[in-house]
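Here is a short walk through a protein model for someone meeting it for the first time. Have a look at the sequence and the 3D view, then read on.

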Amino acid sequence: MTKNVGIYARISDDPSGTKAGVTRQIEDCTTICTLRGWTPIVEYVDNDVSAYKPGVVRPAFERMLVDLDRGVIEGIVVYDLDRLMRQPIDLERAIEIYEARMGLVFASAQGDVDLAGDGQTMARVMAAFANKASADTARRVKRKHLDLAEKGIPVGGTRPFGWQKDKLTLHADEAAIARAGIDRVLAGLSPRVLAQEWNADGIRTTRGKNWTGKTVRQYLLNPRLAGYRDYKGQPQFDAAGARVTGTWEPLVSVDMFERLQEALVREERRTRIPRKGALQYLLSGVARCGICGAVMYGNSRGSESGLWYYVCSEANGHNLSASGPAVDSLVEEVVLGRLLNVGSIPVDAPEWNGRARQAEAAALINETMEAYRSGGLDKSIAFPTVTALKDELNALDKDHQAWLHAHCGPSNVDLTRDDWDALHRDERRAIIQTFFSAIVVREATRKSNRFDPARVEPVPRAAA
Ligand SMILES: [Zn+2]
């Protein structure tokens, strides 16, 4: 039975103004009409109008819906559903007319969807996906603008340390310096000391200035190192919930970057010990009073000849102190002995293995909710699915935290005695902390001028 139908064509990305895309769509739709025995009586063409942009009225599309509703046409033929509607609301409006009027036909060059019957759910899901595709496109366009801004050299802008002037390609020498510095911060070096070392080595910022602890810390906190893009200080996420990455070469892997962040957090916590100069000694924040459990700090007060002591920071009715050099060398011998024995601190699993599944689960949640919102998936399926996925994401988060906790220390410690002596105090302290959670200093039980090694009790970390 012949039907008078309308052909709908649209091209949204047509900056040159040519109608070639539309012409081809109409040809394909005409072929379909011939095959079905339908008569195309009106061509509805929206040229260079995006169906996705909210608020954009497509005059031809609106006219077509009116004609369909009034019976001027008895159906629609489109190139694909995507051309017809990109906003779910467009689809709903079309379906409403198809439901109200019997005998309307519908066809698309990419496969039929029966808007009057069983095809509705499918069409809704397809519309939801088309919507997502448009959202992705819009996001890509936006990102392109950001990228362009990044590629251009803004007035007064400086290139980041480790990259060439194009801000995209790594600067081999600086990248190597930065990576070595990151390794050392992971090994316990503070940004402040790294700044001193870089300055001493003649390494300057890209503005030719000396580094400070603050600028080194800011540099190491910058997500750009791992290729992540931030926009005005805020992390950017794509539709699947993944961090948006830039087009430049990353300086370190994401795992390395996250370990670094964890190490910096710990370093900051350590330096927040509320005593002036608290980190001047090897066991600052590590040594604990054997009487009250409080941290001990180094104290050179009242001593000539460079003698100094670890002193209880509480000293509430007690006064526990011990010779600093004696405690230090004892602990260093213990740790060095272990290191030389073990050869290295084994660092397993340099990459966290949950990342792929994390991205996958986040994307699944998005897709499920989109299918639910567009009516393609029932709530009795959608919500249990999302709940299970969220639980899984939480478990993955915990696993990731545990992994970071276990891996934020030195990534490769393979030391000789000479190496140990060459290490900065902060690095030695960090290595000591990978073995021991605390070093307890007990009261003297013997009246002797000689230091009693039994007073020092390292508390081993629970095996991971
Ligand atoms: Zn105490």
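Which residue stands opposite Y310 in β10? That would be A322.

## What you're looking at

This is a predicted model, in which local features need pLDDT of at least 70, side-chain atom pairs count only at pLDDT 80 or more, and totals for chains, interfaces and linings use all residues. Residues are numbered from 1 along each chain as its sequence is written, and side-chain values use heavy atoms, with hydrogens and water left out.

Helices (H or I, at least four residues) and strands (E, at least two) are DSSP runs, numbered from the N terminus. Two strands pair if DSSP finds at least two bridges between them. Buried means under 20% relative accessible area, exposed means over 50%, and partly exposed is in between (1.4 Å probe, protein chains only).

## The β8-β9-β10 sheet

Strands β8, β9 and β10 make an open sheet in the order β8-β9-β10, and the pairing is antiparallel. The edges belong to β8 and β10 (321-323), each with a single partner strand, so one side of each has no neighbour in the sheet. From one strand to the next, the twist averages 25° (axes are lines fitted to C-alpha atoms, for helices over the stretch in contact, and angles run from 0 to 180 degrees between N-to-C directions).

Strand β9 (residues 309-312) is joined to β8 by four bridges and to β10 by three bridges. Y309 is a handy landmark: N299 stands opposite Y309 in β9, and Y309 in turn stands opposite S323 in β10. As for β8 (residues 296-299), both of its faces are covered. M296 and G298 are buried on one side, and Y297 and N299 are buried on the other.

## The zinc site

Which atoms hold the zinc ion? The coordinating atoms are SG of C289, SG of C292, SG of C312 and NE2 of H318, at 2.1 to 2.3 Å. Donors here are N, O and S atoms within 2.8 Å of the metal (3.2 Å for Na, K and Ca); water is not among the atoms, so sites may look incomplete. Along the sequence, the donor residues are spaced C-x2-C-x19-C-x5-H.

C292 is partly exposed, with a relative accessible area of 38%, whereas C312 is buried at 2% relative accessibility. The zinc site is tetrahedral, with angles of 103 to 114° among its four donor atoms (four donors count as tetrahedral if all angles lie between 85 and 135 degrees).

## The β7-β11-β12 sheet

There's another open sheet of three strands, in the order β7-β11-β12, and here the pairing is mixed. Its edge strands are β7 and β12 (456-460), each pairing on one side only. The twist averages 30° from one strand to the next.

Strand β7 runs parallel to β11 (residues 436-441), and three bridges join the two.

## Two helices, each with a buried side

Helix α6 (residues 172-186) has 15 residues and should span 21 Å at 1.5 Å a residue; its end C-alpha atoms are 21 Å apart, which agrees. The expected span is 1.5 Å times one less than the number of residues. Its buried residues are E174, A175, A178, G181, I182, V185 and L186. They cover an arc of only 140° around the axis, which puts them on the same side of α6 (the arc is that of the directions from the helix axis to the C-beta atoms). The face turned away from that buried side carries the exposed residues A172 and D173. Just after α6, G188 takes a positive phi of about 110°.

A178 is buried at 0% relative accessibility. A178 and W198 are 20 residues apart in sequence and 9.9 Å apart in space, C-alpha to C-alpha. Helix α8 (residues 213-221) has V216, R217, Y219 and L220 buried. Those residues fall within an arc of 160° seen down the axis, so they line one face of α8.

How values were computed:
Tetrahedral: all angles 85-135°; square planar, octahedral: opposite > 155°, others 65-115°.
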